[in-house]
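Hello,

Here is the structure I promised to pass on to you.

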Amino acid sequence: MRHYETQYDAIGRRFEESKTTAAFSAADTHTLLTALDAIGGVKGLDALDLACGYGHNTRLLARAGAARTVGVDISAEMIGLAREHDPHGTEDITYVVADAADLPPLGAFDLATAVYLFNYAPDRAALHAMFRCVRAALRPTGRLFAVVPNPGAFPHVDWSPYGVRILDRIPEGDAPLLKAEFLTEPPVPFEFREWPHAEFAEAAVEAGFASVSWQPARTPPPDAVRDEAFWAAYRRSPVSSLMVCTA
Ligand SMILES: C[S@@+](CC[C@H](N)C(=O)[O-])C[C@H]1O[C@@H](n2cnc3c(N)ncnc32)[C@H](O)[C@@H]1O
């Protein structure tokens with residue numbers, strides 16, 4: 001596999017397959033949208049979607065009425081896929097290929113989202129740089145909403161009913177390397193770092209965020225395929241949590 005910071009160039013379209021089918025992704029989207037509703041929505045806000053991938057959340061922000069929407073991803077392949085979703089530019093989204101640990105000047109934002117960005121920080125220096133870059137991009141009243149994986153699952157918890165499986169945990173560097181696969185058909189391998197939530201909070205405070213709070217994963221309404229028992233089990237060992245930082 002290529003170095004895991006650019007692994008999404010190779011994953012490409014397979015990630016969209018995972019995102020649109022995996023239960024944990026449905027929960028992540030529900031968690032994020034519920035939290036954004038609770039602050040009054042995004043209408044009129046300038047929004048920056050970091051690690052935007054193929055633009056799933058970026059488009060949700062734009063369609064919810066964000067004034068200016070920018071999506072950033074380190075993978076040129078993923079940004080290409082994001083642009084394919086809007087070939088005529090009618091969504092009014094600007095996509096930029098950039099490392100979130102070394103952002104170019106993009107202007108000032110009221111809101112930043114980062115759904116699975118920070119777990120791809122290869123080391124502590126990069127993790128801190130990412131938080132500093134987000135903080136610098138936010139206005140004084142700005143907020144960051146970050147979906148981050150919950151640590152400590154492997155080898156105790158099996159997330160495979162929810163669309164992802166951890167295969168190995170290798171202690172090395174500043175945070176253990178997790179080898180995982182998205183459970184598409186066939187599965188897609190990927191790797192990320194298992195940062196403790198306290199490290200995220202420390203990096204946010206060091207970057208100048210005034211407050212850090214946490215929200216548990218929320219789950220979508222049950223349906224015929226994923227009933228209440230399914231989602232209740234998910235809420236007992238969810239893949240992620242929502243981190244909210246105020247500038
Ligand atoms: C699991 S995907 C999530 C994509 C999107 N947030 C979503 O929820 O659909 C993780 C994304 O993070 C991107 N990424 C990883 N490291 C990054 C970095 N240093 N800067 C910007 N993007 C990064 C990858 O290229 C990939 O598209």
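Below is what I found, going from the whole chain to single residues.

Please keep in mind that this is a predicted model. The secondary structure of the protein chain amounts to 8 helices and 10 strands. Its radius of gyration is 17 Å, close to the 18 Å that the globule rule gives for 247 residues, so the chain is as compact as a globular protein of that length. Along the principal axes, the C-alpha trace spans about 45 × 40 × 35 Å. Of the 247 residues, 43% count as buried. If you take the contacts between residues at least 6 apart in sequence, 68% of them join residues at least 24 apart.

The main sheet

Seven strands form an open sheet in the order 3-2-1-4-5-10-9, and the pairing is mixed. Strand 3 (93-97) and strand 9 (211-216) are the edge strands, each pairing on one side only. From one strand to the next the twist averages 20°. Within the sheet, strand 1 (residues 46-50) and strand 4 (residues 109-115) run parallel, paired over 4 bridges. If you want a residue pair to locate this pairing, Ala-47 has Leu-111 of strand 4 as its bridge partner. Helix 5 (residues 76-84) packs on the sheet, where it touches strand 2 (68-73) and strand 3. The direction of helix 5 makes about 165° with that of strand 3.

Strands 6, 7 and 8

The hairpin of strand 6 and strand 7 has 6 residues between the strands, and in it Gly-173 takes a positive phi near 60°. The hairpin from strand 7 to strand 8 goes through 5 residues. The two faces of strand 7 are worth a look as well: Leu-178, Ala-180 and Phe-182 make up the covered face, while Leu-177, Lys-179 and Glu-181 make up the uncovered one.

In helix 7 (residues 197-206), Phe-200, Ala-203 and Ala-204 are buried. These three cover an arc of only 100° around the axis, which puts them on the same side of helix 7. Among the elements that cover them are helix 6, strand 5, strand 9 and strand 10 (240-246). After helix 7 comes Gly-208, with a positive phi near 105°.

The largest nonpolar core has 76 residues, of which Leu-50, Ala-112, Ala-114, Phe-118, Met-130 and Val-134 touch the most other members. Leaving aside residues up to four places away in sequence, Met-130 touches Ala-100, Ala-101, Leu-117, Phe-118 and Ala-121.

Backbone details to check

Most residues other than glycine have a negative phi, and most peptide bonds are trans.

- Ala-51 is not a glycine, yet its phi is positive, near 55°. Ala-51 sits in the loop between strand 1 and helix 4 (56-63), and it counts as buried because it has 24 C-beta neighbours inside 10 Å.
- Tyr-116 also has a positive phi, about 60°, without being a glycine. Its place is the loop between strand 4 and helix 6 (124-137), and with 18 C-beta neighbours inside 10 Å it counts as partly exposed.
- Phe-154 and Pro-155 are joined by a cis peptide bond with omega about 5°. Pro-155 belongs to the loop between strand 5 (138-149) and strand 6.
- Glu-185 and Pro-186 are joined by a cis peptide bond too, with omega near -5°. Pro-186 lies in the loop between strand 7 and strand 8.

One more residue

From C-alpha to C-alpha, Ala-232 is 28 Å from Tyr-120, and the two are 112 residues apart in sequence.

Definitions and conventions. Residues are numbered from 1 along each chain as its sequence is written. This is a predicted model: local features need pLDDT of at least 70, side-chain atom pairs count only at pLDDT 80 or more; totals for chains, interfaces and linings use all residues. Two strands pair if DSSP finds at least two bridges between them. Axes are lines fitted to C-alpha atoms, for helices over the stretch in contact, and angles run from 0 to 180 degrees between N-to-C directions. Two residues are in contact if their C-beta atoms, placed from the backbone, lie within 7 Å. A residue is buried if 20 or more other C-beta atoms lie within 10 Å of its own, exposed if 12 or fewer, and partly exposed in between; C-beta atoms are placed from the backbone. A nonpolar core is a set of buried Ala, Val, Leu, Ile, Met, Phe, Trp, Tyr and Cys residues joined through C-beta atoms within 7 Å. The radius of gyration is taken over C-alpha atoms; the globule rule is 2.2 Å times the number of residues to the power 0.38. The arc is that of the directions from the helix axis to the C-beta atoms.
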